[in-house]
Amino acid sequence: MAKLVQRYLDRIREEHVGDTGGALADYIPELACVDPDGFGMSLSSADGFIYESGDAALEFTIQSISKPFTYALALDRLGASAVDAKIGVEPSGEAFNEISVDRATKKPKNPMINAGAIAAVSLIPAAGPDERFALIQDFYSSFAGRRLELDDQVYASEKATGSRNRAIGYMLQSFGMLDDDPDEVLDVYYRQCSLRVTSTDLAKMGATLARGGVNPQTGRRVSTPDVVKRTLSVMVTCGMYDAAGDWVSAVGMPAKSGVGGGIVAVLPGQLGIGVYSPLLDDKGNSVRGVQVCRSLSEQLGLHFLTVARDSRATLRAVYEPREGIRVYETHGDLLFCGAEQVVRVADRERDDFEVAILDVSRVDDIDDAARALLSGMSAALRAQGKAGYLVDPDGVVIRSEKELEAVRFRTVADAVEEAQGWLEQNRPVSPR
């Protein structure tokens with residue numbers, strides 16, 4: 001039944017695969033050489049289940065998606081007060097590589113632009129550049145759940161063409177915002193931007209943020225809830241540069257883009273999304289990545305101001321009224337993330353029952369994505385030689401006979417009686 005969610009992702013990717021607008025980041029020579037047609041997307045639920053579509057295993061460099069993670073590491077090691085003394089948290093309204101600081105404080109305006117990111121690197125306590133980079137690399141790898149490696153060619157390319165960042169570094173030093181040698185700090189910055197990731201790595205990193213700092217696959221706590229809350233807050237307001245306002249309105253998830261073509265998006269408490277497509281718009285964001293995230297948000301109801309309702313939606317109970325029959329009872333507001341959990345739990349347990357009964361009689365509200373997933377459960381079970389019935393007295397899932405993909409009942413008792421008849425007709429007779 002996970003295929004029901006997979007079809008959603010594949011369809012959304014297919015909707016945008018023909019969009020070839022934008023351009024490669026040719027100001028970094030190595031990035032101008034990548035395949036412009038690469039296009040992958042991944043989704044990780046908060047419990048670590050992964051969905052992938054397209055070029056999800058294709059590696060690319062993390063670039064500016066590194067910024068919130070180094071900021072989180074600085075917060076972890078130094079605390080908010082020390083970091084706030086060097087880096088602001090206000091949107092800049094400027095390009096990500098603008099050579100500027102706040103006029104009054106002389107601090108970088110936020111950690112998501114280059115000035116703030118370079119300052120964040122300098123805050124990581126270490127004896128030298130190699131130790132500092134090792135701390136950053138280990139931290140990122142803990143979020144991804146695997147060892148992330150350096151792309152030496154991209155690193156060399158960025159270092160050779162990084163005059164603008166050098167200007168930013170020396171500007172920060174002149175204002176007292178950079179205590180260490182600017183060239184050593186910048187060397188680490190170029191290296192962190194040149195770590196290789198996949199869209200699935202980004203989804204896992206996003207899911208770790210969604211879980212408040214716990215990697216859902218390894219179970220390891222990587223960061224603290226307070227640090228994650230601060231990091232996600234800055235991602236909401238500054239993560240998509242001067243397109244942040246449009247992003248929050250249309251997509252409504254904390255996110256960070258990179259000129260390598262990646263985007264990580266986070267739905268707190270629910271999931272992480274990773275997208276890769278290297279063709280960029282004039283603000284440095286992936287064209288197809290932005291469109292895919294917009295479609296995911298709209299079609300699956302992922303805007304964080306909408307999903308707040310979904311926290312009330314859970315599997316209220318799972319029980320077996322008779323042998324071979326299992327009832328999944330839901331309640332509250334049921335949106336995509338809650339419905340995905342229901343169908344995946346049923347899929348995981350399918351060897352333990354012959355008939356599944358989905359009881360939505362206590363559901364208050366449901367969106368179209370959740371409705372499609374739940375109404376498709378019956379067909380998915382039939383394909384596995386089982387039966388699926390729906391208890392939906394108010395037509396919450398099935399609103400008309402034209403939509404009828406499942407046998408619908410008004411009470412669980414009626415569904416159980418029908419299920420017992422199905423078992424008697426279809427359960428294999430044991431040989432004597």
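1. Which residue of β7 does Ser45 stand opposite? Ser45 stands opposite Leu271 in β7, and six bridges join β1 to β7, the two strands running antiparallel. Helices (H or I, at least four residues) and strands (E, at least two) are DSSP runs, numbered from the N terminus, and two strands pair if DSSP finds at least two bridges between them.

2. On provenance, this is a predicted model, in which local features need pLDDT of at least 70 and side-chain atom pairs count only at pLDDT 80 or more, whereas totals for chains, interfaces and linings use all residues. Residues are numbered from 1 along each chain as its sequence is written, and side-chain values use heavy atoms, with hydrogens and water left out.

3. The open sheet has five strands in the order β2-β1-β7-β6-β5, with antiparallel pairing. Its edges are β2 (50-54) and β5 (255-257), each with a single partner strand, so one side of each is left without a neighbour in the sheet. Neighbouring strands are turned by 10° against each other on average, direction ignored.

4. Strand β1 (residues 40-45) has six of its six residues buried, so it is largely enclosed by the rest of the structure; buried means under 20% relative accessible area, exposed over 50%, and partly exposed in between (1.4 Å probe, protein chains only). Gly40, Ser42 and Ser44 are buried on one side, and Met41, Leu43 and Ser45 on the other. Five bridges join β1 to β2, again antiparallel, with Gly40 opposite Gly54. The hairpin of these two strands has four residues between them, and Gly48 takes a positive phi near 95° there.

5. Helix α4 (residues 114-123) is also largely enclosed by the rest of the structure, because 10 of its 10 residues are buried. What covers these residues includes α2 (67-78), α3 (80-84), α5, α7 (163-174) and α8.

6. The UniProt record, an unreviewed entry, places the feature "binding site" at positions including Asn114, Asn165 and Tyr189; UniProt positions are given in the numbering used here, feature names are shortened, and annotations may be inferred rather than shown by experiment. Asn114 is buried at 4% relative accessibility, and Tyr189, in helix α8 (residues 182-193), is buried at 3%. Among the residues that Asn114 touches are Ser64, Asn165 and Tyr189, contact meaning heavy atoms within 4.5 Å. Tyr189 in turn touches residues including Lys67, Ala117 and Asn165.

7. Helices α5 (residues 129-144) and α9 (residues 199-210) pack at an angle of about 90°, with axes 7 Å apart. They are therefore roughly perpendicular, where angles under 35 degrees count as roughly parallel, over 145 as roughly antiparallel, 65 to 115 as roughly perpendicular and the rest as oblique. Axes are lines fitted to C-alpha atoms, for helices over the stretch in contact, and angles run from 0 to 180 degrees between N-to-C directions. Tyr140, Phe143 and Ala144 of α5 meet Asp201, Lys204, Met205, Thr208 and Leu209 of α9.

8. Pro278, in the loop between β7 (271-276) and α12 (287-300), is buried with a relative accessible area of 2%. Pro278 and Gly22 are 256 residues apart in sequence, yet 8.6 Å apart in space, C-alpha to C-alpha.

Note on methods: Lists of a residue's contacts leave out its neighbours within four places in sequence.
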